[in-house]
Structures are given as C-alpha cells and as structure tokens.
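Me: I would like to learn how to read a model like this one. Please take the features in turn.

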Amino acid sequence: LAGIYGCIRLINTLVSHFQLQSGRVTLACDCTSALSRIQQHKPPRPCCPHYDLIQACRLKLQRSNVTWKFIHVRGHQD
C-alpha cells in the first residue's frame, strides 16, 4: 500500500506540475488485496489494518485529474 500511495502521489505531482487536465494511468501491482482495498466503494473501518494508507490512497485518487486503471500482475515468477 505504501508503494501504491507513493506512485499515486508522484503521478499526481507530475500532472499538477505540467498542468495536465486529463490522462490515463495504468498501475500494475502483484498484491491483489492492496488493489482491491483501495478500489472498494465501502469505507474501511478505522480498526482495519492499514486504514490510514487506504484512506490516503482513495483521497489522492478522488482528487486526481487523471483516470486510473489498476491491474494485477503475477509476482515472484523467477
């Protein structure tokens, strides 16, 4: 979740810096639970693990000028 948050924040900073009004970003991750938690529509409960990171990701996504797409990739394939 921290890595996803960092990516979202970096992309939003670049979008703001270059004054982009729209665009699309695809973020790939090998953690299905992290992807599903930030995309769920129901609010997480404060007692939920990583509540603060989930909320921070969702807030950054809501305020983003770009459209986000998340895909799962298989990890540890080596």
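Reply: The secondary structure of the protein comprises 3 helices and 2 strands, and from the N terminus the order is α-β-α-α-β. Helices (H or I, at least four residues) and strands (E, at least two) are DSSP runs, numbered from the N terminus. This is a predicted model, in which local features need pLDDT of at least 70 and side-chain atom pairs count only at pLDDT 80 or more, while totals for chains, interfaces and linings use all residues. Residues are numbered from 1 along each chain as its sequence is written, and side-chain values use heavy atoms, with hydrogens and water left out.

Me: What pLDDT does the protein average?

Reply: pLDDT is the predictor's confidence in each residue, from 0 to 100. Where pLDDT is low, the predicted coordinates should not be read in detail. Here the average is 93, and 99% of the residues score at least 70.

Me: At what angle do the axes of α1 and α3 cross?

Reply: Two packed helices are described by the angle between their axes and the distance between the axes. Axes are lines fitted to C-alpha atoms, for helices over the stretch in contact, and angles run from 0 to 180 degrees between N-to-C directions. The axes of α1 (residues 2-17) and α3 (residues 51-62) cross at roughly 25° and come within 10 Å. Therefore α1 is roughly parallel to α3; angles under 35 degrees count as roughly parallel, over 145 as roughly antiparallel, 65 to 115 as roughly perpendicular and the rest as oblique.

Me: Which residues of α1 and α3 meet?

Reply: Contact means heavy atoms within 4.5 Å. From α1, A2, I4, Y5, I8, R9 and N12 meet L53, A56, C57, K60 and L61 of α3. The residues of this contact divide into 8 nonpolar, 1 polar and 2 charged. Ala, Val, Leu, Ile, Met, Phe, Trp, Tyr, Cys and Pro count as nonpolar, Asp, Glu, Lys and Arg as charged, and the others, Gly among them, as polar.

Me: Is Q19 buried or exposed?

Reply: Buried means under 20% relative accessible area, exposed over 50%, and partly exposed in between (1.4 Å probe, protein chains only). Q19 is exposed, with a relative accessible area of 65%. Q19 sits in the loop between α1 and β1 and has a positive phi of about 55° although it is not a glycine.

Me: Where is H50 found?

Reply: H50 belongs to the loop between α2 and α3. Its phi is near 65°, a positive value in a residue other than glycine, and at 49% relative accessibility H50 counts as partly exposed.
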